[in-house]
Amino acid sequence: MTSAILVDATQLEASVRAALLGAGASDESVDATTRALMHASRVGVDSHGVRLVPHYCKVMAGGRVNPRPNVTVKRTAAATGTVDGDNGLGHLTSYRAAAFAVELARESGIGAVGAVRSSHLGAAGAYAVAIADAGMIGFATTNTDSVVGLFDGTKAFHGTNPLAFAAPVAGEKPWLLDMATSSIPMNRVLLYRSLAQTLPEGVAADTSGHATRDPHAAEMLLPLGGEGYGFKGAALAGVATLLTGILNGTTLDHEFIPMVGDVDVSTPRNMGHFFLAIDPERFAGAALFADGMRRYLDALRSVLPVEGGKVMAPGDREWDVETRRAAEGIPVDPDTARFLGLSDPA
């Protein structure tokens, strides 16, 4: 197995920024992309973290992604709006859309924003957390290219289509759920390839649709729920497609140019995203919401775990990883480390 190396977060962030700037990205694109990638790498979502920098540089050079976009915002009703990403990096489009959703929610109680002409946004949880940091319940989702099989299907149809929710918690990090509707993200397969690791059981299939643990043989993912209950993950993937591709009039999963591989990197993919902000003040009130979250989490975490287990709320694992990595460093795979000019592993 090829091992990752540990890199100090400050050094890693500087290297990411330098690579994106060197690829011609605008300052605001660099700020947003670095923020989102570092969020993912800090909390352990390595598949959507800094390992994506070489890919983003490649698609900017090829013309698929506009390195210096003119992102525009349009209000369409009291609580709705759209953001046009001008085919730029999806992180800038997404942070703009999340901030716009918060702005609308402060006025109307709820803000719903669709993003169009965007590109890969990284970890959807980064934007849900940004909304939660503003004191609101946040939701973020996107669809992407077909890499996940349907339940009882023989070929890939949906993307990994994440659903991310976050909520503020007084005195601590947000409650956070950031999940793919597939068994694992496709970027996790790519990460396992780069690390020469074997996949877990029941998460991917080969060209014939048979389950495989070989990351190099994996051609599609299995939907969340596995062989017996994969209809649940497949249906949830459809929710993401409904709110992003269909609602926004953007590209549907099966129509996408693939993200990676020997593919066209010159044509924009016109990705759509969707963001929702809900202001607790307009419902029971911010104080009652904070009290309810505190009582809920205290009760949840007090449940007796099974032997050898640990009861956790959504987000607890991620914030624990963030704390540990702040002290120990962030793991970076060798290929990405070399691309970023970091020390090669021994």
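**Paired side chains, ring by ring and charge by charge**

A: Phe231 counts as partly exposed because its relative accessibility is 42%, where buried means under 20% relative accessible area, exposed means over 50%, and partly exposed lies in between (1.4 Å probe, protein chains only). The model is a predicted one, in which local features need pLDDT of at least 70 and side-chain atom pairs count only at pLDDT 80 or more, while totals for chains, interfaces and linings use all residues. Residues are numbered from 1 along each chain as its sequence is written, and side-chain values use heavy atoms, with hydrogens and water left out.

Phe231 is found in helix H7, which spans residues 226-248; helices (H or I, at least four residues) and strands (E, at least two) are DSSP runs, numbered from the N terminus. Together with Phe151 and Tyr229, Phe231 forms a nonpolar patch on the surface, and the three have about 310 Å² of accessible area together. Such areas come from the Shrake-Rupley method with a 1.4 Å probe, and for residues only the protein chains shown count as cover. A patch is made of residues with over 30% relative accessible area and no salt bridge, with like charges joined within 9 Å and nonpolar side chains (Val, Leu, Ile, Met, Phe, Trp, Tyr) joined within 5 Å.

We can now turn to the rings themselves. A pair of aromatic rings is described by the distance of the centres and the angle of the planes. Rings of Phe, Tyr and Trp (its six-membered ring) pair if their centres lie within 6.5 Å, and planes under 30 degrees apart count as stacked, over 60 as edge-to-face and the rest as tilted. Across the whole structure, a search finds six aromatic pairs. One of them joins Tyr95 and Tyr127, whose centres are 4.7 Å apart and whose planes stand at 70°, an edge-to-face arrangement. This pair links distant parts of the chain, since Tyr95 sits in helix H4 (residues 90-108) and Tyr127 in helix H5 (residues 125-133), 32 residues apart. Both Tyr95 and Tyr127 are buried.

Ring pairs link Tyr95, Tyr127 and Phe275 into a cluster, and Arg35 lies over the face of Tyr95, at 3.9 Å from the ring centre. A charge sits over a ring if NZ of Lys or CZ of Arg is within 6 Å of the ring centre and within 35 degrees of the ring normal.

Charged side chains are the next kind of partner. Side chains of opposite charge can pair when their charged atoms come close. A salt bridge is a side-chain nitrogen of Lys or Arg within 4 Å of a carboxyl oxygen of Asp or Glu, and the structure holds 17 of these salt bridges. In one of them the side chains of Asp84 and Arg117 meet at 3.0 Å, N to O. That pair also links distant parts of the chain, with Asp84 in strand E3 (residues 80-84) and Arg117 in strand E4 (residues 110-118), 33 residues apart. Arg117 has a relative accessible area of 32%, which means that Arg117 is partly exposed.

Another salt bridge joins Arg213 and Glu201, the closest N and O atoms being 4.0 Å apart. Arg213 lies in the loop between strand E10 (204-205) and strand E11 (220-221), and Glu201 in the loop between helix H6 (186-195) and E10, so the pair ties together parts that are 12 residues apart in sequence. Arg213 counts as partly exposed because its relative accessibility is 40%, whereas Glu201, at 63%, counts as exposed.

Asp298 and Arg294 form a salt bridge in which the closest N and O atoms are 3.2 Å apart. These two residues are separated by about one helical turn, because Asp298 and Arg294 are four residues apart in helix H8 (residues 286-301). An α-helix has 3.6 residues a turn, so residues three or four places apart point the same way. Asp298, at 42% relative accessibility, counts as partly exposed, and Arg294 counts as partly exposed at 25%. Through salt bridges that share partners, Glu172, Arg294, Asp298, Arg301 and Asp316 are joined into one network.
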